[in-house]
Amino acid sequence: MNAEQILSQFSATGVQTCFHGRHIEPQIYAGLNGRNWSLKDYEARGGYQALRKILGQDGSAPHPETGVVGFTQDQVIATLKDSALRGRGGAGFPTGLKWSFMPRQFPGQKYLVCNSDEGEPGTCKDRDILLYNPHIVIEGMAIAAFAMGISVGYNYIHGEIFEAYERFEAALEEARAAGLLGNHIMGSHFSFQLHAFHGFGAYICGEETALLESLEGKKGQPRFKPPFPASFGLYGKPTTINNTETFAAVPWIIRNGGQAYLECGKPNNGGTKIFSVSGDVEMPGNYEIPMGTPFSKLLELAGGVRKGRQLKAVIPGGSSSPVLPASIMMNCTMDYDSIAKAGSMLGSGAVIVMDDSRCMVESLKRLSYFYMHESCGQCTPCREGTGWLWRLVDRIERGHGKPADMALLDNVAENIMGRTICALGDAAAMPVRAMIKHFRPEFEHYIEHKTRMAPTANV
């Protein structure tokens, strides 16, 4: 199925993806209609002006003090630090600081990698960027490569969204033909080769070191850290990895300045963020809003809780982030610090809304099965523990639960957390502990009465 067929499918079903006009001050999704993805369309929206600006190809005068036309590498990184852009893939690490870790004077090859392995349940923002605004990612990666002195980059794209891989390849061909990629870009001394690579749908390859292993043609399993990718990454060389949305934010920052981007959000949480809102809402889709926007406003943009039901709980950052009850979530703003203070994580920005018809035992069973299935099996606590978690919840849901299962669930989760090479073990354990913490009576009711406490879902 190609991108045009997907767009038609969205139109036919009424799902609006990102073309609904209810964004707030959008920067990445601004002006998109699903068909204006090409180079000429992107340039009409101001595309590649940021790259021209840093390369001194925009007609600007030399800097009055340095005499340099364009940006230095230090200036680009300083601008990113001023912007307070934090990684949009889940960890929220400051982007400018991450770029500063790259040893720019390293004499050998260095690599830049975009993590487009979007496999977190509930997350569907990056595929819209790749399908409908691919050049913004290319430009962002080129700027990052300039800032860190990197000449080769890869975009690792989730294998189950192959149409996005095809679209990105088409955009790469356009950029190369226009002299925006390759040797001596725009007649400058800067050269950058960018390639697309598709995985095969393994969730574990969203972890950056497993992604690197897969990119090298190996089995996608996480590496021990340290060493970190900045010193020992792709093919053993210094490597910087960022998420699709992170790179897509860079051109706006360079065009408008780091301070302007910071002011779009809130301190330590600059700019806009794309949230994939799914679950029990009237209008699911992707919403780009300034960081710090109240959750209540985001819920309103998505049409509110479906069919007039009451909000029960929200998973604010993809299925690996702890669930929060409605009473806590309605007082949160959508930024890293507020969600962390509430006891969860902003993560990838996948907001899964659950109304009062949802049974938390059944919901946890589905989540636990996913993590059991997606564990790569390298670490014993994860390989064995995720199976234990699913079997325990499954036993409760089938009416064979025991009172001791509550303590056992918590104990197994506790013994997984912090004992694995990567964070998948934590991702499986945190939802379990959060569900028990906030919705313990539902589990106890299921164990005692062999049935759910919540009413049958109205679907």
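**View 1. A network of salt bridges links Arg88, Lys125, Asp126, Glu245 and Lys273.** Like every view here, this one comes from a predicted model. Let's start with Lys273, which sits in strand 5 (residues 272-279). Lys273 has a relative accessible area of 0%, so it counts as buried. Its side chain makes a polar contact of 3.0 Å with the side chain of Glu245. A polar atom of the Lys273 side chain also lies 3.1 Å from the backbone oxygen of Ser348. Among the other residues that Lys273 touches are Tyr287, Ile289 and Met291.

**View 2. Asp355 and Arg306 meet in a salt bridge of 3.2 Å, N to O.** This pair links distant parts of the chain, 49 residues apart: Asp355 belongs to strand 11 (residues 350-355), while Arg306 is in the loop between helix 12 (295-301) and strand 8 (311-315). Both partners are buried.

**View 3. Lys365 and Glu397 form a salt bridge, with their closest N and O atoms 2.9 Å apart.** Lys365 is in helix 15 (residues 360-374) and Glu397 in helix 16 (residues 380-397), so the bridge ties together parts 32 residues apart in sequence. How exposed is Lys365? Its relative accessible area is 21%, so Lys365 is partly exposed.

View 4. Glu444 is partly exposed at 38% relative accessible area, and Arg440 is partly exposed at 34%.

Definitions and conventions:
Residues are numbered from 1 along each chain as its sequence is written. This is a predicted model: local features need pLDDT of at least 70, side-chain atom pairs count only at pLDDT 80 or more; totals for chains, interfaces and linings use all residues. Side-chain values use heavy atoms; hydrogens and water are left out. Helices (H or I, at least four residues) and strands (E, at least two) are DSSP runs, numbered from the N terminus. Buried means under 20% relative accessible area, exposed over 50%, partly exposed in between (1.4 Å probe, protein chains only). A polar contact is a pair of N or O atoms within 3.5 Å; within protein, one must be able to donate a hydrogen and the other to accept it, and residues adjacent in sequence count only if both atoms are side-chain atoms. Contact means heavy atoms within 4.5 Å. A salt bridge is a side-chain nitrogen of Lys or Arg within 4 Å of a carboxyl oxygen of Asp or Glu. Lists of a residue's contacts leave out its neighbours within four places in sequence.
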